[in-house]
Structures are given as structure tokens and as C-alpha cells.
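Dear colleague,

Please find below the sequence and the structure that I am handing over to you. My account of what was found follows directly after them.

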Amino acid sequence: MAGLRCTNSNIGTFNHECGKPASWRGVHKTGHAQYFCDQCQATGDEANTVVTWTGVARSAAAEAVWAVLKAIRDDGRKAWLLGPGSNSFELLTAAHAEEIGADVAMFRREFWESCRPERVVAAPEAE
Ligand SMILES: [Zn+2]
């Protein structure tokens, strides 16, 4: 669903709401519901008291981009082949940063820090 924004505000921010595009709906035990971005769903102060999470539908294209980025993050061989310097990496990280409202350069740096590239070598051909 486009246009929903994260309404998490962390303690000490004078009720400043995050405002990034939301990807989660959280229901508190009081029954009060609010929206969260991925980051605030993981670490936001108001996420602590949520008892039920529901994913907010993103476009199929956005889901596909994030699925490939997760595959790169979780498989060092894919990170080796599709890391920085590849056209795929530039396009995927730009698309996802736009989707989540993040700075592209910062997202690329932080994302790549979570990757563990493993050198891929061609197997010798069988005789
Ligand atoms: Zn947020």
C-alpha cells in the first residue's frame, strides 16, 4: 500500500515521528495500531509493545528487488558476483533506497557492510 508512513517515535525525540515509508502494521495489546518502517520494526521504541505484526504490501517489483538484495546479503557467492561495481548492484540498491526513503550512498555502504563476499572460482572441467 503506497503512501503509508512509519509513525514510530523513539523516547527522547519529543514525539518526532520517523516518517519513512511503512512496511509493517503493528497492533499493541491495547488494540491501538500504527505503522512502522523496517528499521523501526526492528529497533524502534514503540515496537516493543506490539503484540501482532502484519506486513504492509509493497509492489511486486519492490518485493523482487528486496528478495535479490537479501539473497546477495545471505549468500557470499552472490555477493561476490553481484557486489559493488556491477550494474545490478547499482540498480538494485538505488531502487531499494528509493523505496525505503534512504540516501542511496548511505544505503549502499550500510548494506555492503552486512554482506560477506566469497570468491567464486570456476570448477575445473572434467576430463
Ligand atoms: Zn521508522
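Which residue in E2 is the bridge partner of Val-27? The partner is Ala-33. Please note at the outset that this is a predicted model, and that every value below is computed from it.

Confidence

The mean pLDDT of the protein is 90, and 98% of the residues score at least 70. Among the elements, H3 has the highest mean pLDDT, at 97, while H4 has the lowest, at 91.

Overall form

The protein contains 3 strands and 5 helices. Read from the N terminus, the order of the elements is β-β-α-β-α-α-α-α. The radius of gyration is 18 Å, whereas a compact globule of 127 residues would have one near 14 Å. Along the principal axes, the C-alpha atoms fill a box of roughly 70 × 25 × 25 Å. Of the 127 residues, 21% are buried. When contacts between residues at least 6 apart in sequence are considered, 52% of them join residues at least 24 apart.

The strands

Strand E1 covers residues 24-28 and pairs with strand E2, residues 33-36, in the antiparallel sense over 4 bridges. The bridge between Val-27 and Ala-33 mentioned above belongs to this part of the model. The hairpin of E1 and E2 has 4 residues between the strands, and Gly-31 in this hairpin takes a positive phi near 95 degrees.

E1 is also joined to strand E3, residues 50-55, by 5 bridges, and these two strands run antiparallel. Here the bridge partner of Trp-24 is Gly-55 in E3.

Helix H2

H2 (60-74) consists of 15 residues and reaches 21 Å from its first C-alpha to its last, close to the 21 Å expected at 1.5 Å a residue. Its buried residues are Val-65, Leu-69 and Ile-72. Why do the buried residues of H2 line one face of the helix? Seen down the axis of H2, they fall within an arc of 55 degrees, so they lie along one face.

Helix H4

H4 spans residues 87-100; this helix of 14 residues reaches 20 Å from its first C-alpha to its last, close to the 20 Å expected at 1.5 Å a residue. Within H4, Phe-89, Leu-92 and Thr-93 are buried. Viewed down the axis of H4, these buried residues fall within an arc of 95 degrees, so they line one face of the helix. The face turned away from that buried side carries the exposed residues Asn-87 and Leu-91. Against which helices do the buried residues of H4 pack? They pack against H2 and helix H5 (104-113). Just after H4, Gly-101 takes a positive phi of about 70 degrees.

With kind regards

Terms used:
Residues numbered from 1 in each chain as written. Predicted model: local features only at pLDDT ≥ 70, side-chain atom pairs only at ≥ 80, totals over all residues. Pairing = 2+ DSSP bridges. Rg over C-alpha atoms; globule rule 2.2 N^0.38 Å. Buried ≥ 20, exposed ≤ 12 C-beta atoms within 10 Å, placed from the backbone. Contact = placed C-beta atoms within 7 Å. Expected span 1.5 Å × (residues − 1). Arc of directions from axis to C-beta. pLDDT = per-residue confidence, 0-100.
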